[in-house]
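These notes are meant for someone opening this entry for the very first time.

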There are 2 protein chains.
Amino acid sequence: MRVSELSRASGVSVATIKYYLREGLLPRGETTSPNQARYDTGHLRRLRLIRALVEVGELPIAVVRDVLAAVDDPGTGLHEMLGRTIYAVTGTGTPDDAGEFTDRAAAEVAALAARSGWTVSADAPALRAARDVLARMHALDRAPGEEVLQAWAEAADRAADADLHAIDRSGSREGAAEAALIGTVLGDALLAALRRLAQESWSARLHRQH
Amino acid sequence: MRVSELSRASGVSVATIKYYLREGLLPRGETTSPNQARYDTGHLRRLRLIRALVEVGELPIAVVRDVLAAVDDPGTGLHEMLGRTIYAVTGTGTPDDAGEFTDRAAAEVAALAARSGWTVSADAPALRAARDVLARMHALDRAPGEEVLQAWAEAADRAADADLHAIDRSGSREGAAEAALIGTVLGDALLAALRRLAQESWSARLHRQH
């Protein structure tokens, strides 16, 4: 299809498609004449993926480019590629106003990971992300107690176990990367929504009868 | 303390503090002279809460105001107040390019809630949020299968069970609202980070030996 048809099919404007082409997020189409190129369903699919990452995952374009580069790079093994994908979509914390609680939070995260039997690289961005959020909760005097942290770790483990087994069933190497990306970024949003539903239900169970 | 001291203690600029005062996010201090007011640790605490909601939760100022109004309103019961708080921080989906999958996704979310034994209001924003994310995953041909959805629902239920019991232990009514707010908004970020850690660990377990 032509760029105008790709635009109609995807709902993405021609100007944005050209921007993604320039930025290397979308591979060039097959050139059919000096100023025309042909696009296929692979381009349409990639456009949908970019939009989901930007709109639902709220990832900056530069991060989307890095992530897609990891997906497209055939030279890396599955574990490493999943690592690059998941590392790229993990924020590295927030501006710090909880500095005095950082060491304590880091120790709590490390203890939780150890109790959960998780083996992770010492430079995993998620370690810093977890530490920074937990430090902020301490600064607000509302850090979760050990029991809640334990429940969250079990919840995370339950989800991740299913995630990785599903990724393994997703066929090709590129399919696995895409599944990891979508399941992680959009999955965060879905998990958060499910948690709200469960919270509402638990709140009704605990409070309505009083 | 004076506004300049409140600014130093909180790391929030005087201009931003004045903006929050005008917008009603921060209660006025006690007037000590025609152009001076005194602030206390309650103001400092509220400022830290606003910053966490804006910076970690990425909530718009208007949403922060609504949420804090729900927390501050003494006329509502605990279940209703928690509902207003949790509803206010739940995005109501994303621009829709997955329209054809919306009905299917809505049915899947309803079935999942029923299987999980969740009783939720039909107008819970999280129902729409879950539906819209799931519809997008379908449009990308990467929707989680029944097994993964089930695992995510169990994870959400495990987390929410602990959340609500912790909220119940948090003392005053205002304390409960604040705990719900922080545990939900910052808890999303912490849970997402823990899921990344668990994913890395599961990926190592499943792929490194091959």
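**Notes on the predicted model**

1. Leaving aside its neighbours within four places in sequence, Ser10(A) is in contact with Ile17(A), Leu44(A), Leu47(A) and Arg51(A), where contact means heavy atoms within 4.5 Å. Ser10(A) belongs to helix α1 of chain A, which covers residues 3-10; helices here are DSSP runs of H or I with at least four residues, strands are runs of E with at least two, and both are numbered from the N terminus. With a relative accessible area of 7%, Ser10(A) counts as buried, because buried means under 20% relative accessible area, exposed over 50%, and partly exposed in between, with a 1.4 Å probe and protein chains only.

2. On the basis of the work, this is a predicted model, in which local features need pLDDT of at least 70 and side-chain atom pairs count only at pLDDT 80 or more, while totals for chains, interfaces and linings use all residues. Residues are numbered from 1 along each chain as its sequence is written, chains are lettered from A and ligands numbered from 1 in the order in which they are written, and side-chain values use heavy atoms, with hydrogens and water left out.

3. Chain A as a whole has nine helices and two strands, and from the N terminus on its elements run α-α-β-β-α-α-α-α-α-α-α. The C-alpha trace of chain A spans about 70 × 45 × 35 Å along its principal axes. Of the 210 residues in chain A, 50% are buried, and among the contacts in this chain with a separation of 6 or more, 63% are between residues 24 or more positions apart. Chain A exposes about 9,300 Å², of which carbon and sulfur atoms supply 50%; such areas come from the Shrake-Rupley method with a 1.4 Å probe, and for residues only the protein chains shown count as cover.

4. In chain A, strand β1 (residues 30-33) and strand β2 (residues 36-38) pair in the antiparallel sense over three bridges, pairing being counted if DSSP finds at least two bridges between the strands. β1(A) and β2(A) form a hairpin with two residues between them, and Ser33(A) has Gln36(A) as its bridge partner in β2(A).

5. In chain B, strand β1 (residues 30-33) and strand β2 (residues 36-38) pair in the antiparallel sense over three bridges. Two residues lie between β1(B) and β2(B) in the hairpin that they form, and the partner of Glu30(B) in β2(B) is Arg38(B).

6. Ala166(A) sits in helix α8 of chain A, residues 146-168, and is partly exposed at 24% relative accessibility. Ala166(A) and Val148(A) are 18 residues apart in sequence, and from C-alpha to C-alpha they are 27 Å apart in space.

7. The lining of the largest cavity includes Arg196(A), Glu200(A), His79(B) and Tyr87(B). Helix α9 (173-207) of chain A and helix α5 (78-88) of chain B each supply at least two lining residues, and α5(B) gives the most, with five.

Terms used: On a 1 Å grid over the protein atoms alone, a cavity is a set of points where a 1.4 Å probe fits but cannot get out, and a pocket is an open set with protein on both sides within 12 Å along at least five of seven lines; lining residues have an atom within 4 Å of a point.
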